[in-house]
Amino acid sequence: MATVTFHEWVKAVFDHPLGTREWYWDNDFEEHWSALELSDSVAVEYMTRLFLGPERLDRYSLEQVAQGIWFLIGESSPGQLAHTLLKSNVPLQQRVGCVDAMTHFFRVFVAPAAPGAADDRKNPFHIACYMWWDIFPTYGNPNTGEADLHDACLNAMAAILIIPCELCQLSALHGLNHWHLHHAEKVESIVDAFLQKSSGLTSHIVEYAAIARSGCAQ
């Protein structure tokens, strides 16, 4: 049993001041985070609840949300939360459900928060969302996660790709670009279908998609 409630966990992840150094790189991070006694299964449960109910983040600035995204999703994050999605001690169905919930997060939180052109160079929130699948702890390597989990990730990126929001589309394309290494045929199929069926795409998306479908984007 976790000693921390979901609401306390959300606060522990997002309720931090902004600075040149993120809070989770402080020397006392491990002491404070381990005190939450968060099991892998509860970590997956709480991430899923957050992605399905992102209105809980309305009290935080988008920069604070961005800081939290790097902490939750980043493979090099000291919290290692996204790594729980690769752990077999957590039921596969539960982990797949968390990945599925990411689509909802992008649709109901990211898209409304990022209308218009994406700024993946200077805007902290846009950068964090753009990098979501880049910093995720697997690109579909068969040695990191089950095939069903990989399929869930690819399906999530495909679903995020068709959200009418440039930032969402860039995030999905950037992820598919990296996943091309291990899932080339699937990635090319997803991008081709997107380009064929979608209308009103910006020139930035069309140009980036042409590069990302072959895994050649930087």
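Author: Let us begin with helix axes: an axis is a line fitted to C-alpha atoms, for helices over the stretch in contact, and angles run from 0 to 180 degrees between N-to-C directions. Helices themselves are DSSP runs (H or I, at least four residues), numbered from the N terminus. This is a predicted model, in which local features need pLDDT of at least 70 and side-chain atom pairs count only at pLDDT 80 or more, while totals for chains, interfaces and linings use all residues. Residues are numbered from 1 along each chain as its sequence is written, and side-chain values use heavy atoms, with hydrogens and water left out.

Reader: At roughly what angle do the axes of helix H1 and helix H3 cross?

Author: The axes of H1 (residues 6-14) and H3 (residues 40-52) cross at roughly 80° and come within 11 Å. H1 is therefore roughly perpendicular to H3, a term for angles of 65 to 115 degrees.

Reader: Which residues make the contact between H1 and H3?

Author: Contact means heavy atoms within 4.5 Å. H1 contributes Phe 6, Trp 9, Val 10 and Phe 14, and H3 contributes Tyr 46, Met 47, Arg 49 and Leu 50. By class, seven of the residues in this contact are nonpolar, none is polar and one is charged. Here Ala, Val, Leu, Ile, Met, Phe, Trp, Tyr, Cys and Pro count as nonpolar, Asp, Glu, Lys and Arg as charged, and the others, Gly among them, as polar.

Reader: Is Asn 177 buried or exposed?

Author: Buried means under 20% relative accessible area, exposed over 50%, and partly exposed in between (1.4 Å probe, protein chains only). Asn 177 has a relative accessible area of 3%, so Asn 177 is buried. Asn 177 is found in helix H9 (residues 166-197). Leaving aside neighbours within four places in sequence, Asn 177 is in contact with Ile 211, Ala 212, Gly 215, Cys 216 and Ala 217.

Reader: Why is Pro 164 classed as exposed?

Author: Pro 164 is exposed because its relative accessible area is 80%. Pro 164 is placed in the loop between helix H8 (147-161) and H9.

Reader: How far apart are Pro 164 and Leu 201 in sequence and in space?

Author: Pro 164 and Leu 201 are separated by 37 residues in sequence and by 8.6 Å in space, C-alpha to C-alpha.

Methods:
Helices (H or I, at least four residues) and strands (E, at least two) are DSSP runs, numbered from the N terminus. Angles under 35 degrees count as roughly parallel, over 145 as roughly antiparallel, 65 to 115 as roughly perpendicular and the rest as oblique.
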